[in-house]
Protein chains: 2
Amino acid sequence: MTVTTAPCTVQIARIATPEHPFVTEHGAVLPVVEIAFETWGTLSPRRDNVVLIAHALTGNSHVTPHFPGDTPGWWDPMVGPGCPIDTDRYFVICPNILGSCYGSTGPRSIDPQTGHRYNLRFPYITVRDIVAAQARLLDYLGIERLHAVLGGSLGGMQALEWAAMFPQRVERVIPIAVGGRFSDQGIAYNEVQRRAIMLDPAWKNGEYEDGEGPATGLAIARMLGVITYQSDELMTARFNRREEARYTAWPEFLCRYDVEGYLHYQGEKLVRRFDANSYLYLTRAMDSHDLGRGRGGYDAGLARIRARLLGIGISSDILFWPAQVRDLVERLRRLGKDAEYWELDSPNGHDAFLKDFDQIGPVIQEFLDQP
Amino acid sequence: MTVTTAPCTVQIARIATPEHPFVTEHGAVLPVVEIAFETWGTLSPRRDNVVLIAHALTGNSHVTPHFPGDTPGWWDPMVGPGCPIDTDRYFVICPNILGSCYGSTGPRSIDPQTGHRYNLRFPYITVRDIVAAQARLLDYLGIERLHAVLGGSLGGMQALEWAAMFPQRVERVIPIAVGGRFSDQGIAYNEVQRRAIMLDPAWKNGEYEDGEGPATGLAIARMLGVITYQSDELMTARFNRREEARYTAWPEFLCRYDVEGYLHYQGEKLVRRFDANSYLYLTRAMDSHDLGRGRGGYDAGLARIRARLLGIGISSDILFWPAQVRDLVERLRRLGKDAEYWELDSPNGHDAFLKDFDQIGPVIQEFLDQP
């Protein structure tokens with residue numbers, strides 16, 4: 001295994017080689033796996049100050065800037081010197097997840113056995129595969145234990161699997177806006193999104209050329225995603241049925257509403273930065289999330305966890321209803337675990353963990369810093 | 001205007017002719033409009049026992065069977081002799097809405113001026129247009145006043161517009177699972193559904209041949225619709241992450257979940273019975289729903305209503321959140337109106353008004369029958 005320092009402080013670790021391949025939960029063999037990652041802060045001599053941040057569906061390793069003028073990250077106010085996740089104190093690492101398109105191996109990577117992109121020949125992967133790849137990365141870096149692992153949404157699924165797959169390695173876990181099992185409703189939303197991508201003729205069964213992918217299908221998928229990341233209250237406050245005077249693309253339908261223009265904008269924005277096949281694979285990985293799968297049931301899966309746990313629910317979340325997080329914590333407590341629940345009261349829906357820093361920051365900081 | 005008795009007890013009324021055209025809210029002229037409708041019960045000599053049932057997005061005029069062995073309707077247990085809406089007492093009428101594909105004029109009708117289908121040349125229509133066409137139908141039938149008008153979802157939008165457009169003609173109104181303004185979140189869901197239809201290459205800008213329409217796009221639209229008509233609780237109770245062993249269409253993604261097979265089934269079922277262009281136009285009509293539009297604001301729109309009103313919300317509705325119905329009723333009460341709110345406590349989501357007859361039936365019956 002080798003680590004290459006790439007430009008812009010993204011590092012790439014080759015965590016699987018033909019001699020030491022990566023075998024997925026379902027038995028597929030990946031002869032080469034690379035994981036892109038970024039770090040902040042300094043690893044303590046005892047290597048006991050590591051905080052792993054797990055990113056969500058379309059996220060990447062760039063949580064926060066590395067230097068003045070660096071590109072903004074997706075969780076800027078949360079991570080840095082003196083921030084709730086204090087890089088003067090913690091060594092923070094964020095890996096781009098397996099299957100993503102921000103430097104880690106995924107469906108658009110070249111299959112070394114064929115010299116062509118995997119596309120749909122990439123194996124089906126689960127949250128556990130994503131976490132197993134991260135564990136290999138930490139092995140390579142010589143990091144045995146995590147002071148904490150945290151993340152929201154798909155990131156929270158990873159945090160929970162870290163605690164269940166490697167109970168000895170995780171001291172604290174903070175799943176945010178996520179339960180212990182992805183819901184059927186969530187699977188259903190994901191399936192609609194996948195079908196929109198696959199309906200786009202430009203998808204070509206996954207064999208599109210770079211820059212010629214299923215832009216409309218992916219945009220529609222994102223539009224639906226964005227609805228589920230927000231709330232009725234938030235959308236009403238922001239748009240309030242205001243009409244979009246400029247939009248004339250569909251004159252037969254006359255007036256259009258601002259909320260639609262906003263969704264189109266969000267859809268097109270994602271298309272410029274994300275890959276459609278990755279979207280298919282990573283939504284499928286989300287679907288797989290179930291701490292009980294193959295472990296003798298949900299409670300048996302939960303019983304594996306030894307980490308202290310802080311579950312954060314969001315009052316207006318319609319994708320991961322707060323009751324799902326509360327249920328997770330209550331089950332853990334019934335199993336005698338050290339688990340607590342905190343609910344973020346916010347109209348910002350699922351995305352609140354990316355917005356309400358003033359509220360969420362101190363709660364996370366206190367949990368991380370407690371002795 | 002002429003009424004033709006069609007087979008199967010569906011009647012067709014020509015409510016607009018070139019000499020007496022139908023002008024939409026936005027000024028488009030339809031030289032011919034036909035409205036399909038069905039009736040049950042007997043019109044009283046004083047014509048004062050009429051109950052108009054307004055159907056929802058993909059509904060039709062066939063509320064309930066007319067004779068033993070007749071096709072089941074979409075609200076069977078609610079309407080009939082001795083039922084909550086008692087056809088021994090009331091003359092019940094249900095018109096297929098303007099823009100639909102069950103016998104009334106819509107985008108797939110022949111434009112008499114060109115001899116071709118309207119398709120996207122059909123004018124944009126609003127809930128008010130749908131109601132104005134129904135009012136013409138009642139004029140033709142010699143019915144001046146409605147004992148009651150009721151419906152759920154888009155049907156409830158019509159019921160409310162009846163009370164606001166023709167306050168003198170409506171004695172009682174029962175909007176079910178609907179507020180006085182369609183939400184931005186609802187518009188957003190509709191827009192995703194429309195975009196899926198329009199992405200399907202078979203849509204051909206609306207110019208598809210019969211039987212060759214955008215089946216996949218319409219199915220995807222319906223899949224999303226179905227999610228919003230149900231609830232997380234219902235889906236969990238029904239599917240609970242159960243895997244669908246038989247499904248092998250996408251082996252790269254390995255296991256699939258029952259909830260997905262269910263959605264595909266629902267999507268395909270709608271494709272066999274509904275037209276894609278009608279779906280586009282009627283979702284746009286839903287989007288238009290706002291009792292305040294062009295009336296000097298929401299409260300001014302509500303102030304027009306003279307009918308007694310019973311607003312029914314559904315506790316688990318995620319498309320028309322019960323708070324929206326409650327807000328409607330509270331505003332009416334502040335305006336001094338005779339309005340009451342009742343909440344159906346059900347896990348069945350938006351669709352509960354099509355399912356929980358035991359609960360909803362007596363409440364509606366009492367409201368209809370009170371002197």
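Reply: Start with a definition. Ala, Val, Leu, Ile, Met, Phe, Trp, Tyr, Cys and Pro count as nonpolar, Asp, Glu, Lys and Arg as charged, and the others, Gly among them, as polar. Keep in mind that this is a predicted model.

Me: How do the residues of the lining of the largest cavity divide into nonpolar, polar and charged?
Reply: List the lining first. It holds B:Leu57, B:Phe182, B:Gly186, B:Tyr189, B:Asn190, B:Gln193, B:Thr228, B:Tyr229, B:Tyr279, B:Met286 and B:Leu319. Sorted by the definition, they come to seven nonpolar, four polar and no charged.

Me: How much space lies in the largest cavity?
Reply: The count comes to three cavities of 30 Å³ or more. The space in the largest cavity is about 60 Å³.

Me: Which helix gives the most to the lining of the largest cavity?
Reply: In chain B, helix H3 (184-199), helix H4 (215-229) and helix H7 (276-287) each give two or more residues to this lining. Four residues come from the top contributor, which is H3(B).

Me: Where does the largest cavity lie relative to the domains of chain B?
Reply: Look at who supplies the lining. Domain 1 (3-182 + 290-369) and domain 2 (187-283) of chain B both give residues to it. The largest cavity therefore lies between domain 1 and domain 2 of chain B.

Me: What area do domain 1 and domain 2 of chain A bury between them?
Reply: Chain A is divided into domain 1 (3-183 + 284-369) and domain 2 (187-283). Their C-alpha centres lie 26 Å apart. In contact are 35 residues of domain 1 of chain A and 32 residues of domain 2 of chain A. Carbon and sulfur atoms carry 52% of the buried area, which is about 2,800 Å².

Me: Which C-alpha of chain B is nearest the axis?
Reply: Chain B is superposed on chain A by a rotation of 180 degrees, with 0.0 Å of shift along the axis and an RMSD of 0.0 Å. The two copies are thus related as by a two-fold rotation axis. At 3.1 Å from the axis, the nearest C-alpha in chain B is that of B:Ala196.

Definitions and conventions
Residues numbered from 1 in each chain as written. Chains lettered and ligands numbered in written order. Predicted model: local features only at pLDDT ≥ 70, side-chain atom pairs only at ≥ 80, totals over all residues. Heavy atoms only, no water. Least-squares fit on C-alpha atoms with pLDDT ≥ 70 in both. 1 Å grid on protein atoms, 1.4 Å probe; cavity = no way out; pocket = protein on both sides within 12 Å on 5 of 7 lines; lining within 4 Å. Points joined across faces, edges and corners; volume = space filled by probe spheres on them. Domains from an automatic or database assignment. Contact = heavy atoms within 4.5 Å. Buried area = accessible area lost by both parts, 1.4 Å probe.
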